[in-house]
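Please walk me through this model in a viewer, stop by stop. At each stop, tell me what to select and what is found there.

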Amino acid sequence: MSRSFIAASAQLGPIARDEPRSSAVDRMMTLMREAHARGASLVVFPELALTTFFPRWFLEPGPDLDRWFETEMPSPETRPLFDLAAELGIAFHLGYAELTPEGRYFNTAILVDATGKVAGKYRKIHLPGHDEHEPWRPFQHLEKRYFEKGDLGFPTFEAMGGTLGMCICNDRRWPETWRMLGLGGAELVALGYNTPLHYPPAPEHDHLQYFHNELSIQAGCYQNGLWAVASAKAGREEGCDLIGGSVIVAPTGEVLARASGVGDEVITARVDLDRCAEIRKNVFNFARHRQPEEYGLLTS
């Protein structure tokens, strides 16, 4: 059985604060149709893809905050995307804000198979930013206020003829994310992000934002012998510039496709999951070369 297929990253340009979910879904459906026309079997959408990046504002608990969260998936607004995926026979990854029946708040991503059924869920673990109002910032980054740390670990799922995993935005910067997914057998990681071009606590790093994005993903792929399909929400959104730079990266660390702008855009590349063995049987043969007994400081 061939484990080679075309994967797509579907970057989204800015979503306005008053833009309804139906508009974002329509845009994603357009991108999904384009990905399918290019032969893609999997399309990856960004983190918090249904709305603007609301953690940039200080919001009080209650309706003003809860309006940004989804209480079911698929929801009436997102059902057309699921139906189109089933019609086209294409799997997809979607990031959104999740409010559980128990009243818990997570930054969540799901993997949906080619029949439109949810095949896996991940909740973001490495939450960036801060949890109190900091008026000195030109925009807030209140993920620590609005979301709980994910409680599902770093799961992997059987899909696309192989083993897939997910991570979200800031997770990509942490080598432990990739190593946990690699140890779980992931051969491809779907990743969505919203990354500001300006970082108020360390503006001297602003010119490095695109570089650090690719550096983190390329290192994670190479050091764990896996593919990554990374999709940005990009462009000037409600006065905040978000980087684009959506990429598809091979297990060798090579960038095979890269978005050219900061608007709605599809990029594609052929993914061969069997190529993971090039790395995993050689330089990064975990069973042969890892020395976990020497890594105690990692978790002590």
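Predicted model: local features only at pLDDT ≥ 70, side-chain atom pairs only at ≥ 80, totals over all residues.

The crossing of α1 and α3 is right-handed.

**Stop 1: α1 and α3**

Select residues 21–37 for α1 and residues 79–88 for α3. Their axes come within 10 Å and cross at roughly 10 degrees. Angles under 35 degrees count as roughly parallel, so α1 is roughly parallel to α3.

Now show side chains at the contact. From α1, pick V25, M28, M29, M32, R33 and H36; they meet P80, L81, L84, A85 and L88 of α3. Coloured by class, this contact has nine nonpolar residues, one polar and one charged.

**Stop 2**

Step back to P74, in the loop between α2 (63–66) and α3. What kind of peptide bond joins M73 and P74? The bond is cis, with omega at about 5 degrees. Most peptide bonds are trans.

**Stop 3: C169**

Move on to C169, which lies in the loop between β7 (162–168) and α5. Check the backbone torsions here: C169 is not a glycine, yet has a positive phi of about 45 degrees. Most residues other than glycine have a negative phi.

**Stop 4: α5 and α6**

Select residues 175–183 for α5 and residues 209–224 for α6. The axes of α5 and α6 come within 9 Å and cross at roughly 30 degrees. The crossing of α5 with α6 is right-handed.

Which residues make the contact between α5 and α6? On the α5 side, select W178, R179 and G182; on the α6 side, select S216, I217, G220, C221, Q223 and N224. By class, the contact of α5 with α6 divides into three nonpolar, five polar and one charged residues.

**Stop 5: the largest pocket**

The largest pocket has a volume of about 520 Å³. Its lining has 20 residues, and those closest to the centre are P175, E176, R179, M180 and L298. Which elements give two or more residues to this lining? They are α5 and α6. The whole lining divides into 10 nonpolar, five polar and five charged residues.

**Stop 6: the second largest pocket**

The last stop is the second largest pocket, with a volume of about 390 Å³. To centre the view, select P128, N170, R173, Y199 and Q209, the closest to the pocket centre of the 18 residues that line it. Colour the lining by class to finish: seven residues are nonpolar, nine polar and two charged.

Conventions: Residues numbered from 1 in each chain as written. Heavy atoms only, no water. Axes fitted to C-alpha atoms, helices over the stretch in contact; angles between N-to-C directions. Helix = DSSP H or I, 4+ residues; strand = E, 2+ residues; numbered from the N terminus. Parallel < 35°, antiparallel > 145°, perpendicular 65-115°, else oblique. Left-handed = near helix turned anticlockwise from the far one by under 90°. Contact = heavy atoms within 4.5 Å. Nonpolar A, V, L, I, M, F, W, Y, C, P; charged D, E, K, R; others polar. 1 Å grid on protein atoms, 1.4 Å probe; cavity = no way out; pocket = protein on both sides within 12 Å on 5 of 7 lines; lining within 4 Å. Points joined across faces, edges and corners; volume = space filled by probe spheres on them.
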